[in-house]
Each structure stands twice: as C-alpha cells, then as structure tokens.
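Work through these exercises with the model open. Each task is followed by a stepwise solution.

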Amino acid sequence: MTTEPRPVGEHTRSPHVPAAPDAAPQQPVPVWRPNTPAAATPDTTGHRQLATGLFDSTGAPLTVHLTGLGCDRLETAVTPGGDGVALIEATTAAAATVRAEWRVPCVGATAYWTPDTNASRWLPPSWIAPRTVSLALGAPVASLVGADDSALCTAAADETSAPVRVGAGVVEESGEFAFTVEQDLTPDGPPLRLRIDLSGRHFAATLQAVSAWWAEGLHHPGVAPAARMPAYSTWYSLHQNVDSAAVERQAALAAAVGCESIIVDDGWQTTDRARGYGHCGDWEPNPAAFPDPAAHVAEVHRLGLAYLLWYALPFIGRHNDAWDRFKGMTLREEPHLDAAVLDPRHPEVRAYLVEKVSRAVEQWDMDGLKLDFIDRFAVTDPPPAPAGADRTAVHEGVLQLLADLDARLRRTRPDVIVEHRQPYVSPGLWPYATMVRTVDCPLSPAENRQRTVDCRLTAGPLAVHADMIMWNSAEAPESVAVHLVNALFSVPQISVDLAAQSPDQLATLRFWLGVFRRYADVLQLGVLEPVRPDLGYPLVHARDHHTTVVARYAPLPVALPDRHAANGPQTLLVANADGDPVVLLTATRPEQALARVQDCRGEILSETVLDLVAGVNSVTVPTGGLLTLTREH
C-alpha cells in the first residue's frame, strides 16, 4: 500500500518534499566557536561544553555543547567508542529538554544522508525545521558524506521509541555544518546517549556500525527463510480486485518463476472498490471473495508459497460495526479517508486489534502479516492520555500493541513473518518485524534502488524488500531486467499479472529471480558498499569472502577486487542496468579469468578466457545482462 493513505476515490500519492526555504524556522542553531576550551566545565544555567577527544577533517578538536532547558545542572560523560568514535551521555536531576549541538567544517561535503532523505541528498540550511523521529516514524541517525564517500560526521541517538528531534544544516555565516539532537529527559528515564563518528570511513560502514550499536543487548527472533526469497504482491497487479481464484492463479504462476511467498493486500476485507479506508477495522473476510479462508490458504501452501495478509493496523473505518464502539478511543479522525486512527494507549483498543489480527495465523494458518500505516500512529502534538488509557505516551501504546501481537502470533507460529515499511524504520521496532519494505514508488526503478539501499544501511537484522516491481505489458524484456537489477540488493516483490506476460518477459523474470535466489547470501547479508549517494548510488557493491556483486546503473568503470589481498573473492558478477553495453573493468595486475556473458533472459552470449591487463579492460554486456567473471586459482 502507499506511503500516504489515499483519500476516497483518489489514486495519487503525496510527494515527499523538503520544507520550503521561506518556512518559519523552528529552532535556529545558536552561533558558537568550534574550538571551545577542552575542559568540560558546567555553568549555572544548564550548559556544558564537552571535549569529545575527536578531531574533524581539518584536524580541529570537536566540542559538543549541551544545554538543559528547564534545569540548572547536567551530568555528562564522554566515553571513547573506538577509533574516531565517541559516546556522549547526559542526565538531569529534573525533567528537562536536553539539546546537544556541534559543528564540523563543511569541506568536500556532497550529501546529507538520513533514512528519510529525498533523492536530491541536498545539504539543508541550518535554519530548516528539525525532523522529529519516534518509534513509528524514522530513526535518529544522520551522516554528512564527503566527495570520496567518506563520512565527515555520522551521528546517532540511542533513544528509538520516544520522540527525538534531529536537526542539521549548513551554517551560512561560517561554511560549517551544524548538528543538533534534542530529547526530553526525566530523572528516572533513560539518558540522552549519542554516538558521534569522525573516523572518516566509508559512510556505509559508519551507518552499519550505528546499527550494530543499536542492536547491542537487543533480542531478535530471527528471519524466516521465505522472507529473504522473492515474493509476489497483489497490490499493483490486482489492487482491491482480489478473490480466492485470482490469488491462487497468480500464486501458481509466481511459484513457477521463483517466488516463495504471496502477499495479499487491501480488498480481501470488503466489497468496496473505492480505495478508501472506511471498511477497515472489523477485519472480516469478504464472504463472496473468500468464502473459506483456511481452505484457500491451504491451497496456496500446496502450490509452495507462504501467505501474508494485509492489515491497515491503525485505521477504524466509518462503515463497519467497530466504528461506534471505538468512537471515543481515537487519536484523530481523518474524514478524507473515511476513517480514524485508533489510540493504542487504550487496553481495549490493543486487545481488540490483537484478537482480530491474530486470526490470520491462528485460524486461517497464514504465515505472516503485512502491517501497514504504523506511521499514522505518530503524532506531533498527542492529546493528553484520556480516561481509560493505561499508557501515557502514544509510542508506549504502540510498543505495547506490537509486543502483545508478536507474543500472540509466535504462540502459534514461532517463525511468523511480519512486514513493516518505510518510514517506520526505527530499531525500536526490530523485535516485532521480520522484514521492512520501501515506500511505494511504482515504475520508478531509480527510486526503488535508492530506497532499498537506504533501508539496508540501517535495517539491522531485518530483511529489506523492494517496493512492488511492476511494468507496462508492452515493456521490453531488457527494461524488465533493469527494474529487477535496481532492486538487486534487496528482496524483490513482483506485482504484475503473470498470466499476461510474454514468454520473453517471463524468461527474464525467471532468470533474474534465479540470480536473487542463488546469491541471496552475498546480496542481502554481505558487506554493502554503495557509491555516491549524491548521485543516487550509480554503482553498488556487495561482497563476502568468495563473491563480489556489482550493479552498474551508469556508465562507470568497475574495479576488480584484489583477490591477492586476504584471499580475496574469486567470482565477480557485474549486472548491467545501464544503456551502455561497454563495461570497463580496471585491474591492478595482469591475470586470466573465465568470462561468461548472459543477456536479460539468461541466454549465454559468450564464454571465453579473458587475458586481463593491468589497467582498463572492456567487456560487452547488454543492458539487463550479467557478466560472471571466474578468476583462476
């Protein structure tokens, strides 16, 4: 389903655009001099200046300025976190808002990376409003990236449930880049904890280190194997026009091309086809379309696929019996959606949703759930906890809801599959999800590529899925392959009518889904190194000890990995998603390698021994094709 709910009868999604330059600034970044004296000396107004022991790209020491708004005393600590990394901690003796601020020279900077950055990767001005992240929206991490893909500064907070305000931007007066992190603290609550990385490593390595930091002490139940294999989704191909026969027909065809699960989206619960949300909340199958859900799921299992069912978890629609029951237990009404957002702080709301949603697994034997629109629980100004609520903060209610649902589902199916989606990518949700999918971007392969890579960098233990891949029925097989290669470093979800595809389109699909399956370990679990975030990742690498996979989305040269360094990889795959068929391989020394070139359908065009020279070597790989280079031992 979509990133923004569709109004009734409306078929477009709202674009994500940065704040307009003339928007009123929310928190101007104060001016300070970066070379503050090194001693951490408190003053009487809740200010501290902390020497971090770190040095920026110009060699200047980094100082973090801490301000306690509402208190006159801060307790702070700085702990080395490894080469070029420092951990900052701040606590208060009274309820207060604590703000951390620091600057680095904006020298050689090319991109500002966050989990929800738009494709331009622009460097925002420092006066832009900070983004508020919470359990249901975003993640508290950001990275300023330099021209050589090194991280000039990567920073993260470890508060992944309660709201945290993260600001950053160019200081116009000095040419510096300012970071701010602001968190509300209480004496008995968790401290403000920050991780600042000035190591200068590749930005992807610093982000993956943040994920490892978040994962410390966190238990994740594991990812079912089917969640890492290609899937079929009914959304773009069928939209709400789903019934048992249509789903089973597509399931049989999907299994034949290499999918291992099917995700049945909106429409199973209603006869309405207006694409609103007025019929969400009762979560009863449409009896005309799905008269016997358990028998239907058994048939899909017989075909060899796992089965996931869609739920718009927060919505209660006007046109069902639960509307009157929960009318006073909502966060807000959304008339344009014909629905309201339930307030998870009420135990009655949570118990109702758990009971309704768990039926899919307990009664119908489904393998998992697609939990949509959890980000709708995120509220900027939540109403006070109402009568009957047993949780004060909305995020606490969301966390309890998901924990209760997870516990209930795992009683029946310990390896249950649960899909979440951008923008709710907080590590606080990791224990209650198996996979995370990118935002809707139909027929936008470059956007799918950027979003899947973004998710991969901070997804922790979760399998990352691409948005559903679709194409026009007249699309050339080479272009179908380009769509697939743009999702190569994630799990593809296919969403076209497979019965309407040409033999060449199906051959392309079978071939590339075979590549996804055969190399799933290196593609999904290997070391991921995307190139040039400012250009949308025109080249992406993944590697393990044996294999390197490179996807080429622009006419850029591909460097052969050094196999003489630490028993380097023996196999190199180059997937060509660019229109230029001439792939330039750069080698550091002469060597021989067996080269196999396949077209988009997997047909072998050539197999030959290449005599590679030190320097540039050219190989012809058609658009949508694959080069497999096996080097001599």
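**Exercise 1. Give the strand order of the open sheet of 8 strands, then find its edges.**

Step 1. The order is β22-β21-β20-β19-β15-β14-β13-β23, with parallel pairing. Strands are DSSP runs of E, at least two residues, numbered from the N terminus, and helices are runs of H or I, at least four residues. Two strands pair if DSSP finds at least two bridges between them.

Step 2. β22 (463-465) and β23 (493-494) each have a single partner strand, so one side of each lacks a neighbour in the sheet.

This is a predicted model: local features need pLDDT of at least 70, side-chain atom pairs count only at pLDDT 80 or more, and totals for chains, interfaces and linings use all residues. Residues are numbered from 1 along each chain as its sequence is written, and side-chain values use heavy atoms, with hydrogens and water left out.

**Exercise 2. Describe how β15 and β19 pair.**

Step 1. Strand β15 (residues 306-312) joins strand β19 (residues 368-372) in the parallel sense, over 5 bridges.

Step 2. Take leucine 309: its bridge partner in β19 is leucine 369.

**Exercise 3. Locate phenylalanine 373 and aspartate 338, and decide: buried or exposed?**

Step 1. Phenylalanine 373 sits in the loop between β19 and α7. Its phi is positive, about 65°.

Step 2. Aspartate 338 belongs to the loop between β17 (330-334) and β18 (339-342). Its phi is positive too, about 60°. Most residues other than glycine have a negative phi.

Step 3. Buried means under 20% relative accessible area, exposed over 50%, partly exposed in between (1.4 Å probe, protein chains only). Phenylalanine 373 is buried because its relative accessibility is 0%. Aspartate 338, at 18%, also counts as buried.
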